[in-house]
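My notes follow the structure.

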Amino acid sequence: MNSIWNNNYTAFKSRFPQLASITGSQAVPPENFWKLENAKNGMITASEAGEAGGVSVRLHSAYNPEREASGVVGRDEVFEKSAIVFYGFGLGYHVIECAKKILSEKKPNRLVLIEPDIQHFFAAMSLIDWTPVFEVEKLVILVGATAESVLPLLEDSTRVNIGESGVSDSYFFDIPAFTAHAASYFDTVRSIVKRNQRKNEINAATLKKFGRLWCRNSIKNISQLQKLAGLTGFENKVKNLPFLILGAGPSLESILPYIKEVASRTVTVCVETALHTLLRAEVQPDFIILTDPQFWAYRHIAGLHAEESFLITEVSAYPSVFRFPCRKIFLCASQFPIGQYFEKKLGLTPGNLGTGGSVASSAWNFAHFCGASEIFTAGLDMAFPEKQTHIKGSSAEQTWHTLSSRITTPEKFTSATLFSANAVAAKDYTGRPVLTDSRMKMFAWWFESRLSGCPETKTYTLSPQGLAVPGIQNAELSSLLSRPEIIENKRSFLSAAAQIPPLCASDSKKNELAELVFRFPDEAFLSQYPFLREYL
């Protein structure tokens, strides 16, 4: 056993020296976890009790563990994915057979191992030869990572191309015997990954459904790269200023009477659906976020003006968005293929606000991008308090009144929104029941997972009537109003923002952009997104 362990650990340390320095070099007796025995072919096999002393389960074949593993991992569909992910691995036979196939056939796949307990990993390396695994070029070992951190690590390590989600292009080996020793951990990881896969499926379907629109918008708006500034000038600039994110949920009504006082104590960021309401309250937010490329998103700001506000949008937005009368328009990084294509080719970094399914997630990301240590929210309900969908007087409600008739009332639009996505009961921040649905729960999960990865930024809600999200704390409006005003500090920050130069300020960048437009698209791009051919 010592020679096996020494060889394995030497290969492990050579490949991952930093990880080895954290985990130490002490061999772990496998008898601590497993009941070992010899299989019929002489190889070692084992059984293990489940979590908290559950029923003992056999990890590998009692006859020929290697042949069993080869049959499981050797299927062609496994290697059609860009990454192969193991939830646990027992003694490691399946992982080793997978590594051997990658090496012998020079497969390009990434190999990812997830195991919460370093002791189990070291015990496995004490029994059989793991050296082929450490020879795999694209090897990722997530050992000892918290369940909440697995997804971002997994996404970062398995993403291959721009706009591609690694989780959605991965083959998962989820063998119950390998996860029984840490069932609750793997249940959490599995749940997080499946929700993310579902989100990616929705995003992919949306991209395909609206591909023509977004391609057309992006091509029409490419010249905006010459005129508009990106967000990089905001990065970590305001750690001492609190931010306030304003959504258009019904609970926004509760703070509207105090919105001017709140705005003088925070940097205000509103989603486009809330702008109509804020302007009626005679408040122009500091920033307006609009990242949805559809015409209906533009409709929320159509006919309005906010000369004191900055608008943040992206190159695939509806073209009329760029004629919105405001102080200045900024571009964030595009979430859609054509915008990403130009940004990559030109070497531009507009500042990525990510995706979370809602513009509110982009607003939170912007505040975090600026370096805010405190973020307050209001009207970010992700639910239907009192069975209302939007604050009264919002642009959405005004649109419903415009479209209504004697047989199609505004209430009909409201009920369609309430019950179109599997409405369910949940709890608000005070523990009272509130109605939400599967879409809102997806948004709430994004906030939960994002906040858990950003513990340095504290997030609070001023409107407790919304869906309670772990990581967001309830805050009293009075405590915020008791703080001093930050008008001068905020004015200094916003004045500096107004001076940020355009993304393509230099003549060379402008010429490079013009050349790209002339010869766009190239075959490498279209081979990555073949469905776009019919739209161009």
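These are my entries, in the order I looked things up.

I noted that this is a predicted model, in which local features need pLDDT of at least 70, side-chain atom pairs count only at pLDDT 80 or more, and totals for chains, interfaces and linings use all residues. Residues are numbered from 1 along each chain as its sequence is written, and side-chain values use heavy atoms, with hydrogens and water left out.

Sheet. I traced an open sheet of 8 strands in the order E12-E11-E10-E9-E8-E13-E16-E17, with parallel pairing. Strands are DSSP runs of E with at least two residues, and helices are runs of H or I with at least four, numbered from the N terminus; two strands pair if DSSP finds at least two bridges between them. The edge strands, pairing on one side only, are E12 (326–331) and E17 (472–474).

Inside the sheet I looked up E13 (residues 374–378), which pairs with E16 (residues 458–461) in the parallel sense over 4 bridges. Phe-376 stands opposite Tyr-460 in E16.

Helix. I found H21 (residues 487–498) lying across E9, E10, E11 and E12, at about 65° to E12. Axes are lines fitted to C-alpha atoms, for helices over the stretch in contact (heavy atoms within 4.5 Å), and angles run from 0 to 180 degrees between N-to-C directions.

Cysteines. I counted 0 disulfides, a disulfide being a pair of cysteine sulfur atoms within 2.5 Å. Cys-454 is buried at 2% relative accessible area, and Cys-504 is buried at 0%. Buried means under 20%, exposed over 50%, partly exposed in between (1.4 Å probe, protein chains only).

Serine. Ser-362 sits in helix H16 (residues 359–369) and is buried at 4%. Leaving aside neighbours within four places in sequence, Ser-362 contacts Ile-289, Thr-291, Leu-353 and Gly-354.
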